[in-house]
Amino acid sequence: MALVVVTHAERPELWDRMPERFAGIVPEYNLHGDVNDTYWNRLFEEFRAYQFVLYDDVREEVAGTGRSLPRSWDGTAADLGPGLDDSIARAFADRAAGRPAGALCALGIEVAEDYQRKGLSGLLLDGMHLVARRAGLPVVLVPVRPTWKDRYPLVPIERYAAWRRADGAPLDPWIRTQVGAGGTVVGASEHSSRITGTVAEWESWTGLAFPEDGDYVFPGGLSPLRIERARDLGSYWEPGVWIAHPVRPEGAALPR
């Protein structure tokens, strides 16, 4: 492979391949976030230099993608905010108000199915550092969606984020990868991303029936889904774990 970082500003036509290349990579319900739906198209209009792919020059194929936004941050845990939704809204508000950014916030990292298990998640993190350096930002903030949290949907995210293996490394594989790449766990939130839909939509997204009101554990869910049939409403808060990466200087190798 000969992988290079290419931004939307440089080759916007590559994004025409995204729906097919990354179909099924994330759970269907994750494509319907309340805040994400509002801002999605604007990412590629107002923040084109912050959306990138890993492009395989040999196969002429997109291997992975990373989405990000510059947002204000004063460096404190209190100013992190609750997670993904807040960071997206904050980035657009910062831009409108002319406020300077203090960090690059990662919105998502995805590897195409035929490139998985090749270590590309680490290269995509490298890509985030590259984008941050180009923007003059000192920190990459990642509101991580923990890989194994769906195995423990009833455990509060703060407790889950603190779980460790016998060797002291984080139990969760994606948190472990982030920490191994130089990141530090700096917070956790039960309210990172809000997803609402009708009962029928949630039944379609999850493949389950929800015959009565209540809280439901569902496949792939990191926390329970609340169903209110009288309101024809399913509501879900996805939790997240904040990880901060000091941006490394050009040429510095990330830990592996």
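Guide: D94 sits in helix α3, residues 84–97. Helices here are DSSP runs of H or I with at least four residues, strands are runs of E with at least two, and both are numbered from the N terminus. This is a predicted model: local features need pLDDT of at least 70, side-chain atom pairs count only at pLDDT 80 or more, and totals for chains, interfaces and linings use all residues. Residues are numbered from 1 along each chain as its sequence is written, and side-chain values use heavy atoms, with hydrogens and water left out.

D94 has a relative accessible area of 3%, so it is buried. Buried means under 20% relative accessible area, exposed means over 50%, and partly exposed lies in between (1.4 Å probe, protein chains only). Neighbours within four places in sequence aside, D94 is in contact with R71, S72 and R99. Contact means heavy atoms within 4.5 Å.

Now the nonpolar interior. A nonpolar core is a set of buried Ala, Val, Leu, Ile, Met, Phe, Trp, Tyr and Cys residues joined through side-chain atoms within 4.5 Å. The largest one has 48 residues. V53, L69, I88 and L104 have the most contacts inside it. Helix α4, residues 120–135, gives the most to this core: six residues. A second, separate core has twelve residues, including W205, F218, L222 and I227.

Leaving aside neighbours within four places in sequence, its contacts include L43, F47, I88, F92 and L104. Q51 is also among them.

Next, P239. This residue lies in strand β9, residues 233–246. Its relative accessibility is 2%, so P239 counts as buried. Beyond four places in sequence, P239 is in contact with V144, P146, I157, S189, E190, S192, L222 and S223. P239 and I88 are 151 residues apart along the chain, and their C-alpha atoms are separated by 15 Å.

Finally, the whole chain. There are seven helices and nine strands. The radius of gyration, taken over C-alpha atoms, is 18 Å, close to the 18 Å that the globule rule gives for 256 residues, so the chain is as compact as a globular protein of that length. That rule is 2.2 Å times the number of residues to the power 0.38. Buried residues make up 47% of the 256. Of the contacts with a separation of 6 or more, 71% join residues 24 or more positions apart.
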